[in-house]
Amino acid sequence: MTNIDHYFDWAGTSPSDEDILTSSLQETLKNWGNPSSSHQIGKDAKSILENARNVAAKAMGVSPQTIYFTSGGTESDQIPLLALLAKPAKGTVLFSSIEHPAVREQALALKNCGWNVVSIPSDKNGIITPQAVLDTLTSDTMLVCVMAVNNETGAIQPIYEIADAITKWADGKRKPKFHVDCVQAAGKIPLKLAGSGIDSAAFSSHKICGPRGIGILYLKNSMEVFLRGGGQENGIRSGTENVFGALAFSKALERYYNCQHYDTQKKITYDFIANLTSLPNCTIIPPGRIENPDLYSPYVVQAAFKNIPGNVMVRALDSKGFSISTGSACSTKKNNRPVLEAMKVSVDLRETSVRFSFGPKTTANGVKELFEAVKDVYKQFNNLEK
């Protein structure tokens, strides 16, 4: 049995809230119809689905008409990218150099389809500045992708300023669409989509204590999509709807979207970083986070430990009952760190860095015990007295 107090890979996935899953399952077991069916059983399922949409929209402060249920964050990221293939003419796609593979790899795949794909450079602190976006924009740019919170460093991107910069740059002409991956932001930092210049955004249930296999795509305005089918979700995402997942995700958003744990986690993370920096040759990535902590989500911390490869630290802590990671769970098999490379982090630091990530059930005591375990491993590998 996993000790949730010693689980620090929340950016990889979160433990589901049992009451949310249980109540959602019970309700959908009673209403098991296909929401697209015209008989009463189907209509009952449709009613649950639409109620879930309304609950999710209310929690997120947007119109229900902008909420589309998908299979997860990856699909929510890829629908706007793949929609470009439905256009008769090709152009340029911009994506930040620190994007999750869901965006980065799909954007690069578009290159094979004849699109001009350009990476927006990050600064050394892992931030994509509005000026960096402006410097990369071209007259034929169709889509710009910049995530809200980086999944490896926790860097909070200035998405609203970027949205304003793109709008001002267009100056009444056709404006490139702006897509934001909000997977590591939802329920972690305040988000305001309504009234912003954000055209689309991706969300994932299993990052905020909901079930896997369900996500949300926020669309300010409908679009022509590339993948077609039965026309569910107003034609944006075809396929029989996951009513259970939609219901459970809506309840998770209702519980966590307002970030009520944010201030508590800020204090826990501040103390944790202070403790880490007391260890000789422990480097917080990026170092600028120490001077500007408010530019980073308190739910993700990246640190490197001299003489301890990242995968070794992960295994050593795992043997002590603590769960951490070296980075994105989607990239662990590739053993590369494109986000850190984009930030021009040295090879030594990239190879010895690990990610600690937290969630609403993280406790101050659990993090203190984590630090003691890290300190023990650090001293063992650096031949220091315990």
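Predicted model: local features only at pLDDT ≥ 70, side-chain atom pairs only at ≥ 80, totals over all residues.
Let me start at one residue, Thr70. Leaving aside the neighbours within four places in sequence, Thr70 is in contact with Glu75, Ser76, Ile79, Gly213, Ile214, Gly215, Ile216, Leu217 and Arg237.

Where does Thr70 sit? It is in strand β1, which covers residues 67–70. Thr70 counts as buried, because its relative accessibility is 3%. Its side chain has two polar partners to mention. A polar atom of that side chain lies 3.1 Å from the backbone oxygen of Gly72. The side chain of Ser76 makes a polar contact of 2.7 Å with the side chain of Thr70, and Ser76 is also one of the residues in the contact list I opened with.

Now the chain as a whole. How many helices and strands does the secondary structure come to? The count is 12 helices and 10 strands. The radius of gyration is 21 Å, close to the 21 Å that the globule rule gives for 386 residues, so the chain is as compact as a globular protein of that length. Taken along the principal axes, the C-alpha atoms fill a box of roughly 70 × 55 × 35 Å.

Of the 386 residues, 55% are buried. The chain exposes about 16800 Å², and 52% of that area is supplied by carbon and sulfur atoms. As for contacts with a separation of 6 or more, 73% of them are between residues 24 or more positions apart.

Next, charges. The search of the whole structure finds 16 salt bridges. I will go through a few.

Arg355 pairs with Asp9, with the closest N and O atoms 3.1 Å apart. This one links distant parts of the chain: Arg355 is in strand β10 (residues 353–357), while Asp9 is in the segment before α1 (18–30), and 346 residues separate the two. Are these two residues buried or exposed? Both Arg355 and Asp9 are buried.

Lys320 forms a salt bridge with Asp376, and here the closest N and O atoms are 2.6 Å apart. This pair, too, links distant parts of the chain, at 56 residues apart. Lys320 is in the loop between α9 (310–319) and α10 (338–342), and Asp376 is in helix α12 (residues 364–381). Lys320 counts as partly exposed, because its relative accessibility is 36%.

Helix α12 also holds a local pair. Lys375 forms a salt bridge with Glu372, at 3.4 Å between the closest N and O atoms. Why are these two about one helical turn apart? Because they are three residues apart in helix α12. Lys375 is partly exposed, with a relative accessible area of 22%, and Glu372 is partly exposed as well, at 43%.

There is also a network of salt bridges, which links Asp17, Asp19, Arg255 and Lys361.

Lys361 brings me to Val345. The two are 16 residues apart along the chain, and their C-alpha atoms are separated by 31 Å. Val345 is in the loop between α10 and α11 (347–351). It counts as buried, because its relative accessibility is 11%. Leaving aside neighbours within four places in sequence, Val345 is in contact with Ile285, Leu340 and Arg350.

Last, the cysteines. Cys145 counts as buried, at 1% relative accessibility. Cys182 counts as buried too, at 0%.

How values were computed:
Residues numbered from 1 in each chain as written. Heavy atoms only, no water. Salt bridge = Lys/Arg side-chain N within 4 Å of Asp/Glu carboxyl O. Helix = DSSP H or I, 4+ residues; strand = E, 2+ residues; numbered from the N terminus. Buried < 20%, exposed > 50% of the residue type's maximum accessible area, 1.4 Å probe, protein only. Polar contact = N/O pair within 3.5 Å; in protein donor to acceptor, adjacent residues only side chain to side chain. Contact = heavy atoms within 4.5 Å. Rg over C-alpha atoms; globule rule 2.2 N^0.38 Å. Areas by Shrake-Rupley, 256 points an atom, 1.4 Å probe, with all protein chains shown as cover.
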